[in-house]
Amino acid sequence: MIIKKIEFPLKDFFIKVFKKNIYLVGGTIRDYLLYKKIDPDQDVDLVVVDHSYDDIEKKLSRYGKTSTVGKSFAVVKFTREGHSFDISIPRRDVKKEESSHSHKNFIIEFGSHIKLEEDLHRRDFTCNSMAMRLIDNKLVDPFNGVKAIKEKKIVMTGPDTFFDDPLRILRCARFSSVHRFSIDPAIYVQSKAVELDELSKERIQEELVRILLESDRPSLGLNEYFKLAVLEKIFPSLFRLTMTIQDSIFHPERDEYGHHSVWAHTLITIDVARKVSRLFELDIENTLALLLAALLHDVGKPATTKWEFKRNRMTVTSLLHDSRGVKIAETFLAELKIETRSGFPLKNTVLALIKNHHRIYDLYRNREEIGFKAISRIVKDLDGYDFLLALLDFSDRQSRRSRPLSFNRLDRVAKWFLEKKDELNISRESIKPLVRGRDLLDLGIPPGKNMGELLKKLYELQLDGEFNTREDGLKKFKKTGGSN
């Protein structure tokens with residue numbers, strides 16, 4: 001099979017240097033066959049046959065910068081004209097210990113004696129196990145990858161070695177979610193027996209984050225985690241959501257089998273939040289905070305759900321699940337080593353969103369009585385990320401609708417909150433403490449615990465709307481003598 005010409009930077013250069021011996025491999029071919037185009041930012045991976053590692057490095061070093069930092073993986077890193085490439089020779093993996101499933105439990109053998117087909121066999125899915133010879137665009141497809149792409153199906157390249165790297169199970173879920181592929185039933189069956197405890201927390205975090213950020217419908221990948229037994233083995237706090245029911249009248253949403261579970265509600269909420277993040281063009285950090293909060297906002301329900309006679313009927317309730325969920329979510333984030341991202345306080349923001357995720361709707365229900373005091377405190381407690389709270393609150397409520405993804409704007413509740421905040425001119429900047437320690441020093445108050453308590457009281461008065469300038473704050477302090 002000949003593929004229509006795939007273009008990428010320096011392609012003609014590589015053909016000139018390696019002639020018929022260089023091949024494009026991996027995801028670039030897959031994505032071209034899927035979408036008839038390739039992402040200009042996508043990594044381009046190349047394999048050179050009938051050459052030793054040193055031969056490749058020697059040839060390339062004449063034309064650009066080479067690095068042999070990846071030599072143990074048979075990879076030469078090459079940079080020319082601002083473009084970087086990973087160029088390898090054919091490889092095969094040999095397990096060190098048969099019983100271990102660690103990604104470090106492999107010795108990589110490489111050399112010109114290893115055939116291209118062997119290199120392709122070591123890859124995860126058949127749709128990723130293809131190569132294209134650059135000189136004539138001839139496709140090498142020994143494992144029927146084209147067929148899998150046409151059928152949009154994830155099939156194991158080597159069933160005998162697929163589970164030697166358990167991370168492939170998580171990759172399978174992500175790939176299914178991002179590209180909308182179905183999964184070969186054989187993967188479900190065999191994945192149940194695969195231990196995942198040797199996977200590093202960093203790799204688990206990366207796969208989860210990629211599902212959340214790369215998929216239009218993260219729920220698809222997360223539900224594959226459920227079906228592939230990943231939830232049960234790695235994310236027990238999420239697995240418990242699948243076993244916890246919700247009140248079918250208050251939460252009419254359900255899964256494909258009719259179960260009104262917290263998990264079903266969570267998955268819909270995440271998809272709504274993903275759409276909202278794009279509607280408002282959130283950056284990566286804010287998007288991730290919103291989606292993690294959507295994923296974890298109800299993790300406190302399994303511990304708090306019970307039957308209660310309420311509204312003249314037996315009702316499923318989950319009193320205080322928000323505050324209980326904060327502790328569970330904190331453990332979840334800590335285990336995955338999620339703290340900050342590019343300076344953004346990711347963990348703290350997620351926890352604040354979870355703790356307060358019902359708060360905006362509670363204010364709305366009492367909106368005739370709500371003023372500066374209540375709105376200023378919500379902005380303060382969210383440290384300025386109250387817009388994310390409005391989006392989470394909307395996503396949570398929108399999930400109960402019969403067509404939850406059929407929207408193009410926020411509803412009246414979110415609109416009320418945002419307009420009320422603007423009306424009162426409340427923002428992160430506007431509610432910064434007006435009276436500082438140096439102001440009290442000038443009034444003869446010495447540093448210490450007493451000063452701290454006085455500043456706290458003054459800030460509470462400021463949030464109550466008692467004053468809105470530094471001068472008025474100091475007048476208030478002098479008038480009251482530092483007391484309430």
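In this predicted model, residues 24 or more positions apart account for 66% of the chain's contacts with a separation of 6 or more. The chain has 484 residues, and 51% of them count as buried. Its secondary structure comes to 23 helices and 13 strands.

**The chain as a whole**

- Taken along the principal axes, the C-alpha atoms fill a box of roughly 90 × 60 × 45 Å.
- The chain exposes about 24,300 Å². Carbon and sulfur atoms supply 49% of that area.
- Lys4 lies in the segment before helix H1 (11-18). At 66% relative accessibility, Lys4 counts as exposed, because the cut-off for exposed is over 50%.
- Lys4 and Leu292 are 288 residues apart in sequence. Their C-alpha atoms are 41 Å apart in space.

**Helices H8 and H13**

- Helix H8 covers residues 201-214, and helix H13 covers residues 284-296. The two pack with their axes 10 Å apart.
- The angle between H8 and H13 is about 105°. They are therefore roughly perpendicular to each other, since angles of 65 to 115 degrees count that way.
- From H8, the contact involves Leu208, Val209, Leu212 and Leu213.
- From H13, the partners are Ile284, Thr287, Leu288, Leu291, Leu292 and Leu295.

**Helices H9 and H12**

- Helix H9 spans residues 218-227. Its buried residues are Pro218, Ser219, Gly221, Leu222, Glu224 and Tyr225.
- The axes of H9 and helix H12 (residues 262-279) come within 8 Å. They cross at roughly 150°.
- H9 and H12 are therefore roughly antiparallel to each other, because angles over 145 degrees count as such.
- On the H9 side, Pro218, Ser219, Leu222, Asn223 and Phe226 make the contact. On the H12 side, Trp263, Leu267, Ile270, Asp271 and Arg274 meet them.
- Pro218, Ser219 and Leu222 are among the buried residues of H9, and they are also among the H9 residues that meet H12.
- Just after H9, Ala229 takes a positive phi of about 70°.

**Salt bridges**

- Side chains of opposite charge can pair when their charged atoms come close.
- The structure holds 36 salt bridges. Three of them follow, including Asp86 with Lys77.
- Asp86 and Lys77 have their closest N and O atoms 3.0 Å apart. Asp86 is partly exposed at 30% relative accessibility. Lys77 is partly exposed as well, at 35%.
- Asp119 forms a salt bridge with Arg91, with the closest N and O atoms 3.8 Å apart. This pair links distant parts of the chain, 28 residues apart. Asp119 sits in helix H4 (residues 116-121), and Arg91 sits in strand E6 (residues 91-95).
- Asp119 is buried, with a relative accessible area of 0%. Arg91 counts as buried at 11%, because the cut-off for buried is under 20%.
- Arg91 and Asp119 also belong to a network of salt bridges with Arg123.
- Asp439 forms a salt bridge with Arg470, and the closest N and O atoms are 2.8 Å apart. This pair also links distant parts of the chain, 31 residues apart. Asp439 is in helix H21 (residues 437-442), and Arg470 is in helix H23 (residues 470-480).
- Asp439 counts as buried at 5% relative accessibility. Arg470 is partly exposed, with a relative accessible area of 36%.

- Ile245, Trp307, Phe309 and Met314 make a nonpolar surface patch of about 480 Å².
- One of these residues, Met314, is placed in strand E13 (residues 313-317).
- Met314 is partly exposed, with a relative accessible area of 46%. That value passes the patch cut-off of over 30%.

Notes:
Residues are numbered from 1 along each chain as its sequence is written. This is a predicted model: local features need pLDDT of at least 70, side-chain atom pairs count only at pLDDT 80 or more; totals for chains, interfaces and linings use all residues. Side-chain values use heavy atoms; hydrogens and water are left out. A salt bridge is a side-chain nitrogen of Lys or Arg within 4 Å of a carboxyl oxygen of Asp or Glu. Buried means under 20% relative accessible area, exposed over 50%, partly exposed in between (1.4 Å probe, protein chains only). Helices (H or I, at least four residues) and strands (E, at least two) are DSSP runs, numbered from the N terminus. Patches are made of residues with over 30% relative accessible area and no salt bridge: like charges are joined within 9 Å, nonpolar side chains (Val, Leu, Ile, Met, Phe, Trp, Tyr) within 5 Å. Accessible areas come from the Shrake-Rupley method with a 1.4 Å probe; for residues, only the protein chains shown count as cover. Axes are lines fitted to C-alpha atoms, for helices over the stretch in contact, and angles run from 0 to 180 degrees between N-to-C directions. Angles under 35 degrees count as roughly parallel, over 145 as roughly antiparallel, 65 to 115 as roughly perpendicular and the rest as oblique. Contact means heavy atoms within 4.5 Å.
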